[in-house]
Amino acid sequence: MATNPENKTPLTDAITHDHREMYAYYQQFKQNKGNTDAQGRWAHQLMWEIARHAVGEEIIVYPLMEKQLGEEGTKLADQDRNDHQTVKELLAKLETLQVGTAEFDSILERAMATLHKHNDSEEQNDLPRLEMVLHPDHSKEAAAQFRRTKHFVPTRPHPMAPNKPPYETLVGFMAAPIDKLKDLFTTFPTEEMKKEAGL
C-alpha cells in the first residue's frame, strides 16, 4: 500500500474545486429569483458543470477507486454511480421545464440536495481512502486526466447512457459534439455576471 505521507491530494483538490463551483452557481441561481434570464443562465452553467464533472469522475476516478481499493472501491464506486444517475435524471427533467416555475425550483433543489450528500460522502469517505493508497505523483496525474477529460465529455445530462467505461467513454464522446452544438444556442452567465459574483 503506497501511502501519501506528504498529504498532497491533487485529485481531491480538483474534485472539491468543482464541488465548490457547483454550490456557487446554485447560490447565484437562488439569489436571482424573479429574474428568469439570470436564473436561466446560472442554471445552464450549473447543469453544464455537473454533467462534465460526473462523467469525468465516472471515466477517471471511479475505475481508479475500483483498481486501488478492490472490493471496497467497487462498492463505493457503484454507490457514487447510483447517486450520479439520480442527479442526471432530475437534470434531464429540468430541460423540459420553464425556469422561474415552482416545479423547476423544486426539482433543481432535489438534485442539489442529492448532489450535496453525494459530494460530502466523496470528500469525507471515498477520496481520503483513495488518496491514502495513491502516491502524490499518481494523484497529480489522475487530477490532470480528470481535468483533461472534462474538455471532451458531454455537457448535458444523459441518464440513458452507460455510466461505466468503456461503453460510457464511447457514448460520451459521441454525445459531446451534439451537446456542444446545443451549447452554442444556450445562454450562460456573462463574464461580467461571473465577476460580480466573484467567480
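Mentor: Start with the cut-off: a residue counts as buried when its relative accessible area is under 20%. Over 50% is exposed, and anything in between is partly exposed. Keep in mind that this is a predicted model.

Trainee: Why is R41 called buried?

Mentor: R41 has 17% relative accessibility. The limit is under 20%, so R41 counts as buried.

Trainee: What makes D37 partly exposed?

Mentor: D37 comes to 43%. That value lies between the 20% and 50% limits, so D37 is partly exposed.

Trainee: What makes the contact of D37 with R41 a salt bridge?

Mentor: The closest N and O atoms of D37 and R41 are 3.1 Å apart. The cut-off is 4 Å between a Lys or Arg side-chain nitrogen and an Asp or Glu carboxyl oxygen, so the pair qualifies. D37 and R41 both sit in helix α2, four residues apart, which is about one turn.

Trainee: What other pair in helix α2 is about one helical turn apart?

Mentor: D78 and R81, which are three residues apart. Their side chains form a salt bridge at 3.3 Å, N to O.

Trainee: Are D78 and R81 buried or partly exposed?

Mentor: D78 has 28% relative accessibility, so D78 is partly exposed. R81 has 3%, so R81 is buried. Together with E66, D78 and R81 are linked in a network of salt bridges.

Trainee: How many salt bridges does the structure hold?

Mentor: Nine. One of them joins E123 to R20, with the closest N and O atoms 2.7 Å apart.

Trainee: What makes that pair a link between distant parts of the chain?

Mentor: E123 is in helix α3 and R20 is in helix α1, 103 residues apart. R20 has 43% relative accessibility, so R20 is partly exposed.

Trainee: How do you know that P189 is buried?

Mentor: Its relative accessible area is 7%, which is under 20%, so P189 is buried. P189 lies in the loop between α5 (167-184) and α6 (191-196).

Trainee: What does P189 touch?

Mentor: R41, W42, Q45 and K194, leaving out residues up to four places away in sequence. The C-alpha atoms of P189 and Q39 are 9.1 Å apart, while 150 residues separate the two along the chain.

Trainee: How do you know that the length of α4 agrees with a helix?

Mentor: Helix α4 has 14 residues, 136-149. At 1.5 Å a residue these should span 20 Å, and the end C-alpha atoms are 20 Å apart, so the two agree.

Trainee: Which residues of α4 are buried?

Mentor: P136, S139, A142, A143, F146 and T149.

Trainee: What makes a set of residues a nonpolar core?

Mentor: The residues are buried, come from a list of nonpolar types, and are joined through side-chain atoms within 4.5 Å. The largest such core here has 23 residues. F29, L46, I50, L91, L108 and M112 have the most contacts inside this core. The elements giving two or more residues to this core are α1, α2 and α3. Helix α2 gives the largest share, 10 residues.

Trainee: What is L46 in contact with?

Mentor: M22, Y25, Y26, L108 and M112, leaving aside neighbours within four places in sequence. Apart from this core lies another of 20 residues, among them A14, V55, I60 and V61.

Trainee: What does the secondary structure of the chain come to?

Mentor: Six helices and zero strands. Of the 199 residues, 49% count as buried.

Trainee: How much of the contact pattern comes from residues 24 or more positions apart?

Mentor: Such residues account for 78% of the contacts with a separation of 6 or more.

Terms used. Residues numbered from 1 in each chain as written. Predicted model: local features only at pLDDT ≥ 70, side-chain atom pairs only at ≥ 80, totals over all residues. Heavy atoms only, no water. Expected span 1.5 Å × (residues − 1). Buried < 20%, exposed > 50% of the residue type's maximum accessible area, 1.4 Å probe, protein only. Contact = heavy atoms within 4.5 Å.
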